[in-house]
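Look over the sequence and the structure below. Then read on for a short tour, from the inside of the chain to its surface.

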Amino acid sequence: MSNVSLDLDAEEAAFQAQVTAIEKEWQSPRQAHLKRPYSAESIAALRNTIPITYPSSLQGDKLWNILKTHLANGTCEKTFGTTEPTVVSQMVKHQQTVYVSGALCGLSEVQHPGCDHADYPWDTVPKVVEKIFKAQLFHDQRQNQFRMRHSKEEREKLEKYDFMAPIIADGDMGFGGLTTTVKLAKLFVEAGVAMIHLDDLAIGLKKFTVGEGRTVVPTSEYLSRLTAVRMQFDVMGTNTLLMCRCDTDRSQFITSTIDPRDHEYIIGATNDLEPLVEYVAQGMAEGKQYVQARDEWKSQAGLMTFDQAVKQKATEEEYQQYASKAIAYGISLKEKRRIAKELVKQDVFFDWELSRSKEGQYMWKPSVKTIVERAILVAPLGDMTWARMDAPVWKDIVEFHTEVRKVYPDRMFAFGFTGMYNYEAAGFSQEQISSFSDDMAKLGIIWQVQPIWSVAGLNITAEKFAKEWQRDGIAGYIETISKPSRAPPIVDGFHKLSYAGSYLADAFFSVIAGEKIVP
Ligand SMILES: C[C@](O)(C(=O)O)[C@H](CC(=O)O)C(=O)O
């Protein structure tokens with residue numbers, strides 16, 4: 001019944017050796033901060049029987065060292081998002097890491113571009129990571145070959161860059177069920193990523209234009225997603241990093257009420273109306289717009305959390321008693337109701353089913369407290385934490401990071417200067433904007449990213465050139481592009497043979513022909 005000799009002792013010994021090796025890895029300084037809800041035996045049983053290694057692990061270690069150095073120095077890495085290998089070949093001269101943004105991939109790397117709804121095929125971002133990683137390897141190889149065709153003395157005058165800047169990529173919400181998340185993590189590792197971030201958003205529910213931007217999943221689902229990625233990294237035996245991103249900050253909905261840890265923040269109606277969906281359907285049948293009908297209902301529903309509803313009905317003393325028993329992490333609505341019934345004389349009407357959206361989501365009250373709770377809960381599964389914020393509210397930023405650091409003093413944090421930030425509107429002075437990065441670094445926010453520079457940033461350059469080219473033709477091109485790029489320091493381009501890979505191609509020919517390629 002088998003095509004190999006069945007040596008059960010050897011099989012058992014190999015398995016136990018794997019288990020021991022995994023346990024050792026988990027205790028190493030690189031992994032000691034992680035806590036898994038599964039055993040080394042389970043991971044060993046999920047591994048292949050041949051050893052496979054991945055550059056992703058090396059890149060993960062490299063990133064780890066970069067980040068830890070920043071953390072120790074109170075400094076930060078400032079990078080930006082791109083999907084373009086040419087851009088990467090330049091940014092590595094100033095950045096230590098590269099970011100592959102989902103929003104950018106969705107706009108420029110797919111056959112059907114669109115707004116940042118993370119609705120592109122699940123393998124889109126890993127494919128872009130692979131493209132960039134391979135381009136980095138090309139530049140690394142051609143630079144090495146170019147240097148090695150010179151003597152040791154000559155090499156002193158030649159440029160040398162580290163093109164292998166670790167790639168951090170957007171894993172969005174994992175793209176569906178846990179098996180998809182596992183496959184996504186696998187593809188990212190195979191592509192050469194150093195770190196991915198995974199968030200707690202629901203798939204397919206963003207509607208920015210009608211003010212229904214973000215929906216999160218229950219805490220338990222977020223935990224499972226991150227565990228799925230950690231498990232897959234362990235199965236592959238890589239030191240790839242996992243960033244736990246949390247989008248709960250300004251979210252308006254949650255998909256389910258299954259997890260009591262979320263109950264404190266779920267909003268319901270405190271007036272006994274017809275359900276929102278029925279009101280909206282009726283309104284639309286009468287010719288109203290969705291937003292108008294929805295907002296009419298909302299203004300009549302007395303929307304609030306159960307704790308707020310109790311506060312409204314209780315005396316000050318009753319509420320104090322209620323709060324001391326019922327407002328704590330993980331107390332379910334059922335328990336809250338029981339406590340309210342016991343302590344508050346008046347009936348508290350509250351129904352979170354009435355306010356469910358057309359798509360079935362429950363309404364959510366965002367707060368810094370919820371992101372702190374989620375971030376602390378999942379921290380042991382990941383290496384870094386990112387509280388994604390729709391607006392740069394300095395008070396919230398300080399509160400979030402201070403609270404998490406009370407529990408995890410060495411935590412490393414990330415921050416995205418999200419596209420639409422309006423710093424003036426958020427009350428920032430010019431001085432505060434200038435010191436924003438450094439101020440955040442002091443809070444442990446040591447990886448900072450401008451994710452979407454490549455849209456407006458490249459558009460400015462492209463539009464400027466388009467206009468000049470149309471106006472001045474080749475004469476203008478020679479003056480504004482050719483001449484400056486050929487004057488020292490020579491700009492990377494096709495005219496620079498080392499950059500374009502010409503020497504590398506020649507070296508292939510030479511080696512094939514049996515010629516020497518080193519002095
Ligand atoms: C980081 C991000 O996920 C991205 O896809 O680049 C976006 C960027 C943005 O909205 O500016 C995000 O922050 O959600």
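His401 is buried, with a relative accessible area of 1%. Buried means under 20% relative accessible area, exposed means over 50%, and partly exposed is in between (1.4 Å probe, protein chains only). His401 is found in helix H16. Helices (H or I, at least four residues) and strands (E, at least two) are DSSP runs, numbered from the N terminus. Leaving aside neighbours within four places in sequence, His401 is in contact with Phe413, Leu443 and Ile445. Contact means heavy atoms within 4.5 Å. His401 and Ile445 are 44 residues apart in sequence, yet their C-alpha atoms are 8.2 Å apart in space.

This is a predicted model: local features need pLDDT of at least 70, side-chain atom pairs count only at pLDDT 80 or more, and totals for chains, interfaces and linings use all residues. Residues are numbered from 1 along each chain as its sequence is written, and side-chain values use heavy atoms, with hydrogens and water left out.

**The whole chain**

The protein has 519 residues, and 48% of them count as buried. Its secondary structure comes to 20 helices and 13 strands. The C-alpha atoms fill a box of roughly 95 × 80 × 50 Å, taken along the principal axes. Take the contacts between residues at least 6 apart in sequence: 76% of them join residues at least 24 apart. The protein exposes about 25,800 Å², and carbon and sulfur atoms supply 57% of that area. Accessible areas come from the Shrake-Rupley method with a 1.4 Å probe; for residues, only the protein chains shown count as cover.

**Nonpolar cores**

In soluble globular proteins, nonpolar side chains tend to be buried together. A nonpolar core is a set of buried Ala, Val, Leu, Ile, Met, Phe, Trp, Tyr and Cys residues joined through side-chain atoms within 4.5 Å. Which residues have the most contacts inside the largest nonpolar core? They are Val100, Val129, Val310, Tyr322 and Phe400, in a core of 88 residues. Val310 is in contact with Tyr319, Tyr322, Ala340, Val344 and Val348, with neighbours within four places in sequence left aside. A second, separate core has 16 residues, including Leu63, Leu67, Met195 and Ile446.

Arg142 is in helix H6, which covers residues 124-148. Arg142 is buried yet has no salt bridge. A salt bridge is a side-chain nitrogen of Lys or Arg within 4 Å of a carboxyl oxygen of Asp or Glu. Not counting residues up to four places away in sequence, Arg142 touches Phe163, Ser498, Tyr499 and Leu504.

Gln143 is also found in helix H6. Gln143 is buried, with a relative accessible area of 6%. Beyond four places in sequence, Gln143 is in contact with Glu159, Lys160, Tyr161 and Phe163. The C-alpha atoms of Gln143 and Asp162 are separated by 9.6 Å, and these residues are 19 apart along the chain.

**Salt bridges**

The count comes to 38 salt bridges.

| Pair | N to O distance |
|---|---|
| Lys62 and Asp162 | 2.6 Å |
| Arg250 and Asp396 | 3.6 Å |
| Lys395 and Asp396 | 3.4 Å |

Lys62 lies in helix H3 (residues 55-73), and Asp162 in the loop between helix H7 (152-155) and strand E3 (167-170). The pair links distant parts of the chain, 100 residues apart. Lys62 is partly exposed at 24% relative accessible area, and Asp162 is partly exposed at 43%.

Arg250 lies in the loop between strand E6 (241-246) and strand E7 (253-254), and Asp396 in helix H16 (residues 394-407), so the pair ties together parts that are 146 residues apart in sequence. Arg250 is partly exposed, at 29%. Asp396 counts as buried, at 9%. Lys395 is exposed, at 58%.

Asp199, Arg214, Arg245, Asp247, Arg388 and Asp390 are linked in a network of salt bridges.

Phe465, Trp469, Ile474, Tyr477, Ile478 and Ile481 make a nonpolar surface patch of about 500 Å². Patches are made of residues with over 30% relative accessible area and no salt bridge: like charges are joined within 9 Å, nonpolar side chains (Val, Leu, Ile, Met, Phe, Trp, Tyr) within 5 Å. Phe465 is in helix H18 (residues 453-486). Phe465 is partly exposed, with a relative accessible area of 30%.

How values were computed
Lys, Arg positive; Asp, Glu negative; His and termini not counted.
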